[in-house]
Amino acid sequence: MSRPTRRQVLYGSAAALAGAALAAPVAFVDTAAAAARPADSHGQAAGDGPPGDHEMPEPFDEMYQGRHIEGWPADEGGAQNGGHHSSGAHAEHHAGQAGPHDGMDFVVRIDNDDLHVMRNADGSWISLVNHYETFATPRTLARAAVRELQGADLVPVVTG
């Protein structure tokens with residue numbers, strides 16, 4: 001049995017190294033993307049289904065770091081829709097505000113000021129305050145916005 005020459009070993013090593021170098025970024029991207037997606041209640045990574053197949057997050061209303069944050073699905077904005085704000089002063093407070101929230105999936109407010117939020121195709125959420133950072137829920141997005149604002153007020157978004 002003959003032994004391989006140095007040239008054959010070098011060519012084989014170079015080919016193996018080149019193949020590994022070309023395959024590694026693809027494997028890394030797939031692994032990183034899978035790790036970044038939170039798992040849903042069925043153990044499946046969120047966003048694995050077709051776009052738009054995501055459940056609407058739960059409404060919230062809480063104090064966080066001294067700021068009042070709240071959020072609700074936009075179609076539950078008032079008493080006429082039977083939304084979660086359909087009792088007492090809360091219903092009156094939100095009932096007249098369906099117009100500014102048209103076209104939005106979810107309404108998030110910090111100290112009664114609207115925080116413009118958007119849902120990505122993978123089910124994650126972004127806001128104008130944290131535009132380059134994604135969040136699993138509007139609640140975590142609102143909390144991050146409060147931290148980022150560091151006590152500053154939201155500036156209203158003027159459209160049209």
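This is a predicted model: local features need pLDDT of at least 70, side-chain atom pairs count only at pLDDT 80 or more; totals for chains, interfaces and linings use all residues.
1. Contact here means heavy atoms within 4.5 Å.

2. Four strands make up an open sheet, ordered 1-2-3-4, with antiparallel pairing. Strand 1 (60-64) and strand 4 (113-115) are the edge strands, each pairing on one side only. On average, neighbouring strands of this sheet are turned by 25° against each other, direction ignored.

3. Strand 1 and strand 2 form a hairpin with 2 residues between them. Gln65, in the turn, has a positive phi of about 50°. The two strands run antiparallel and are joined by 5 bridges, strand 2 covering residues 67-73. Two of the partners can be checked by eye: Glu62 has Ile69 as its bridge partner in strand 2, and Met63 has His68.

4. Phe60, Glu62 and Tyr64 make up the covered face of strand 1. Asp61 and Met63 make up the uncovered one.

5. Helix 3. The helix spans residues 138-149. Its 12 residues reach 16 Å from first C-alpha to last, close to the 16 Å expected at 1.5 Å a residue. The buried residues of helix 3 are Pro138, Leu141, Ala142, Ala144, Ala145, Val146 and Leu149. These buried residues pack against strand 1, strand 2, strand 3, strand 4, strand 5 (117-119) and strand 6. After the helix comes Gln150, whose phi is positive, near 50°.

6. The nonpolar core. The largest nonpolar core holds 17 residues, of which Phe60, Ile69, Val108, Ile110, Leu115, Val117 and Leu141 touch the most other members. Strand 1, strand 3 and helix 3 are the elements that give two or more residues to this core. Helix 3 supplies the largest share, 6 residues. In general, nonpolar side chains in soluble globular proteins tend to be buried together.

7. Phe60. This residue is buried because its relative accessible area is 4%, and buried means under 20%. Not counting residues up to four places away in sequence, Phe60 touches Ile69, Glu70, Gly71, Phe106, Val108, Pro138, Arg139 and Ala142. Pro138 and Ala142 in that list are among the buried residues of helix 3.

8. Aromatic pairs. How many aromatic pairs does a search of the whole structure find? The search finds 2. Phe60 and Phe106 form a stacked pair, 6.3 Å centre to centre with 20° between the planes. That pair links distant parts of the chain, with Phe60 in strand 1 and Phe106 in strand 3, 46 residues apart. Phe106 and Trp125 form an edge-to-face pair, at 5.8 Å centre to centre and 65° between the planes. Phe106 is in strand 3 and Trp125 in strand 6, so this pair ties together parts that are 19 residues apart in sequence.

9. The ring cluster. Ring pairs link Phe60, Phe106 and Trp125 into a cluster. Phe106 has a relative accessible area of 0% and is therefore buried. Trp125 also counts as buried, at 1% relative accessibility.

10. Leaving out residues up to four places away in sequence, Ala144 touches Asn130 and Phe135. Ala144 and Val129 are 15 residues apart in sequence and 8.7 Å apart in space, C-alpha to C-alpha.

11. Asn130. This residue lies in the loop between strand 6 (125-127) and helix 3. At 6% relative accessibility, Asn130 counts as buried. With residues up to four places away in sequence left out, Asn130 touches Phe135, Ala144, Ala145 and Glu148. Ala144 and Ala145 in that list belong to the buried residues of helix 3.

Conventions: Residues are numbered from 1 along each chain as its sequence is written. Side-chain values use heavy atoms; hydrogens and water are left out. Two strands pair if DSSP finds at least two bridges between them. Axes are lines fitted to C-alpha atoms, for helices over the stretch in contact, and angles run from 0 to 180 degrees between N-to-C directions. A nonpolar core is a set of buried Ala, Val, Leu, Ile, Met, Phe, Trp, Tyr and Cys residues joined through side-chain atoms within 4.5 Å. Buried means under 20% relative accessible area, exposed over 50%, partly exposed in between (1.4 Å probe, protein chains only). The expected span of a helix is 1.5 Å times one less than its number of residues. Rings of Phe, Tyr and Trp (its six-membered ring) pair if their centres lie within 6.5 Å; planes under 30 degrees apart count as stacked, over 60 as edge-to-face and the rest as tilted.
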